[in-house]
Amino acid sequence: MNWTNVKLIFFREVRDQLRDRRTLFMIAVLPLVLYPLLGMSMFQVSQFVREQPTRVLIVGHEALPDNPRLIDGDHFASAWVTDPHASSLLQLVLSDETYPPGAGALASAQAEARRWVEAGKYEAIIWVPADFGERLTAFREHLRRSVAEGKTNESSINDPTIPSPVVFYSTAKEKSALAYLRVEQVLDRWSQAIAGQNLATTRTPPSAVKPFVVADHDVAGIRQRQAATWSKILPFMLLIWALTGAFYPAIDLCAGEKERGTLETLLSSPAERGEIVWGKLLTVMAFSMATAILNLFSLGITGAIVVSHFPDVGFPPPLAPVWLLLALVPMAALFSSLCLALAALARSTKEGQYYLMPLLLIIMPLMILPMAPGVELSLGNSLIPVTGVVLLLRNMLEGNYWQAIPFMAPVVCVTLACCLLAVRWAGEQFNSEAVLFREGERLDVGLWLRRLMRDREDTPSSTAAVFCGVLILMVNFFMSFAIGDMGAMANPVLLALVTQLVVIATPALLMTIMLTRSPRETLLMRLPPWGAVPMAALLAVCVHPVVNGINVIVQYLYPVSEPLQQALTQLVQNAPSKTHLILAVALAPAICEELAFRGFILSGFRHLGHKWRAIVFSSIFFGITHGIFQQSIVATIVGVVIGYLAVQSGSLFPGMVYHFVHNALALLSVELLGTTDTPTTNWLRSSGTDGFTFSIPAIAIGAIGAATILVWFSRLPYRASAEEALQQAIERPQASVA
């Protein structure tokens with residue numbers, strides 16, 4: 001690679017972007033005016049919210065006791081309101097209307113209150129029973145006599161016949177909910193005062209009811225609290241602006257050049273495709289970092305003015321710029337690569353802008369997850385892309401350096417791996433003529449359906465494979481809710497069979513019939529090479545200890561919740577018999593899931609021209625379908641093994657056998673090996689662990705045996721698809737030249 005050409009392309013693209021007034025506005029002007037305007041707006045909005053008065057109607061106020069008095073004139077008594085300003089926001093309206101005592105009084109009051117609140121006449125209504133004051137006075141007299149007569153037991157003192165005042169409000173209206181919060185605080189203090197008078201009647205000191213007060217003390221200093229606040233704001237702002245700053249320049253550099261007709265001129269220059277990619281990538285990275293830095297700079301200036309009015313917020317930690325810049329470089333590279341690849345895929349700038357929403361839907365949850373309560377930096381969370389960076393950055397901003405240092409290596413490794421994959425994807429987009437020079441097309445559903453049926457091939461396209469996988473996930477999502485509603489009444493085995501047939505097999509089979517000309521070729525319904533089926537069964541036996549060890553690691557990184565573990569155990573226990581359980585959990589998935597994922601979906605992805613890419617993509621769909629996160633990780637790994645068997649053998653039957661043996665062993669291994677006490681079983685299982693796990697020697701021997709069998713499969717004659725053969729022919733001369 002000639003870095004001189006990369007530098008020339010980089011400066012060319014930077015000049016073009018700086019000549020665009022929209023780009024300059026997004027990077028330089030918008031950050032300088034956005035946060036001051038946002039701060040002014042928030043001040044105005046907060047003032048508007050605080051100043052809103054609420055109207056409260058009190059029905060039956062004459063029944064309230066005079067001691068202690070709740071209402072003083074047209075306001076609540078000052079003894080129950082800590083903030084005089086808050087008292088002025090509660091506008092009381094006293095009603096002389098009363099409801100006679102009885103069972104229907106509350107219902108009548110509730111119907112009347114609902115009509116008034118929904119009409120917006122009042123925000124809250126306090127209904128006082130007509131005999132409330134009389135009953136309260138009678139209770140006090142009863143309490144006084146009981147104490148005088150020495151009857152202090154609970155049954156003689158308590159009088160449950162005192163009617164209770166009721167507050168009517170509507171949570172569907174924010175103003176009504178706000179009125180309830182204000183009224184609740186007043187009524188709570190007033191009821192405590194009544195309780196204090198009752199204690200005085202019985203000559204019981206208040207300290208007998210509340211002998212002590214739990215003292216609390218926040219050990220965090222003011223700077224630590226301020227750092228904790230900024231650690232939640234700055235990482236999110238950094239990443240969201242890095243993503244936004246990378247997206248629009250990438251669209252202009254790729255899709256924009258397609259529209260202007262200058263991309264062909266650049267591709268015909270002496271620069272290689274890889275040099276063009278790196279030049280554009282560095283340009284997008286520069287604008288991504290500039291956008292994030294300028295936004296944080298503007299946020300810091302605005303924050304410096306705002307914090308003078310909010311001393312508890314304070315300034316960000318002194319080392320915050322250092323940690324933010326260190327995190328910005330790899331994240332800008334990741335976002336720039338993803339945006340560049342999507343922009344190269346787009347036919348026009350308008351289409352490229354449509355790709356922003358799917359990208360945000362994927363990345364935004366990864367940025368929001370660290371803000372959820374209880375999510376902390378751990379080994380498992382550090383392996384999640386983007387999330388690990390945010391959590392690590394939060395700990396560094398909070399000053400928890402010793403807690404963050406052990407997780408720096410996995411976060412850096414995962415982030416760099418994601419960057420390399422994203423850069424490679426962007427490079428492949430530029431090396432594909434079909435992607436760079438796609439023509440715009442108008443959507444016509446009728447023509448599209450006729451073309452789909454007329455131009456069918458022996459196997460489905462990669463688009464059809466994606467559609468099938470998404471359809472299965474959608475049907476599985478809605479079906480899970482229906483099964484959850486009837487799960488307590490229905491047979492779990494029957495539900496599992498219905499799920500496999502309806503959710504997994506039916507969409508794949510219908511799409512095979514409608515979208516392909518050769519179901520046999522699509523579903524790999526061919527006889528495998530001699531010995532492939534028994535070798536697949538033996539491979540499942542050897543891989544089983546390895547998968548068990550992987551499952552232990554996954555559950556250590558991401559522990560399964562206790563309710564979920566109990567639900568899975570209950571599912572196994574509710575099965576009518578072990579035979580029925582094997583039928584539903586082992587045999588049915590071995591047939592239905594293989595037809596869908598290693599049949600239709602894998603055959604469609606093989607049109608991409610890369611065998612391993614097709615295997616991994618189909619395995620990801622296979623893993624996500626399992627629903628439970630821990631199962632999805634293990635299922636994806638197992639799916640890669642089964643997909644390799646299907647590709648190397650050219651048949652679906654070895655994968656079906658492997659799948660059946662694998663699931664059956666998962667059900668029977670605990671019963672066969674975990675409950676027996678023999679020298680062999682003692683050697684196979686690990687001691688000192690919760691549940692059944694294989695020992696390290698058993699896992700090692702299983703891994704060696706699995707590797708040997710996989711080598712045997714790798715020597716089978718591999719039947720490449722047309723696209724895979726073409727890609728191999730293209731890569732072979734490049735490898736020889738290199």
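A salt bridge here is a side-chain nitrogen of Lys or Arg within 4 Å of a carboxyl oxygen of Asp or Glu. By this rule, the count comes to 13 salt bridges. Please keep in mind that this is a predicted model.

**Salt bridges**

- Glutamate 123 and arginine 55 meet through their side chains at 3.3 Å, N to O. Glutamate 123 sits in the loop between helix H4 and strand E5 and arginine 55 in strand E1, so the pair ties together parts 68 residues apart in sequence.
- Glutamate 123 counts as buried because its relative accessibility is 7%, while arginine 55, at 32%, is partly exposed.
- Arginine 517 pairs with aspartate 458, with their closest N and O atoms 3.7 Å apart. The two lie in separate loops, H23 to H24 and H21 to H22, so parts 59 residues apart in sequence are tied together.
- Arginine 526 bridges to glutamate 521 with closest N and O atoms 3.0 Å apart; arginine 526 is buried at 12%, and glutamate 521 is partly exposed at 22%.
- Arg12, Glu13, Glu257 and Lys280 are joined in a salt-bridge network.

**Helix H15**

- H15 covers residues 356-368 and spans 17 Å, close to the expected 18 Å.
- A bend of about 30 degrees falls at isoleucine 362, with proline 365 following within four residues.
- Its buried residues, including Leu359 and Ile363, pack against helices H9, H13 and H14.

**Alanine 635**

- Alanine 635 belongs to helix H29 and is buried, at 7% relative accessibility.
- Beyond its neighbours within four places in sequence, alanine 635 contacts Phe622, Gly623 and His626.

Notes:
Residues numbered from 1 in each chain as written. Predicted model: local features only at pLDDT ≥ 70, side-chain atom pairs only at ≥ 80, totals over all residues. Heavy atoms only, no water. Buried < 20%, exposed > 50% of the residue type's maximum accessible area, 1.4 Å probe, protein only. Contact = heavy atoms within 4.5 Å. Expected span 1.5 Å × (residues − 1). Bend = angle between axes of the 7 residues up to and from the residue.
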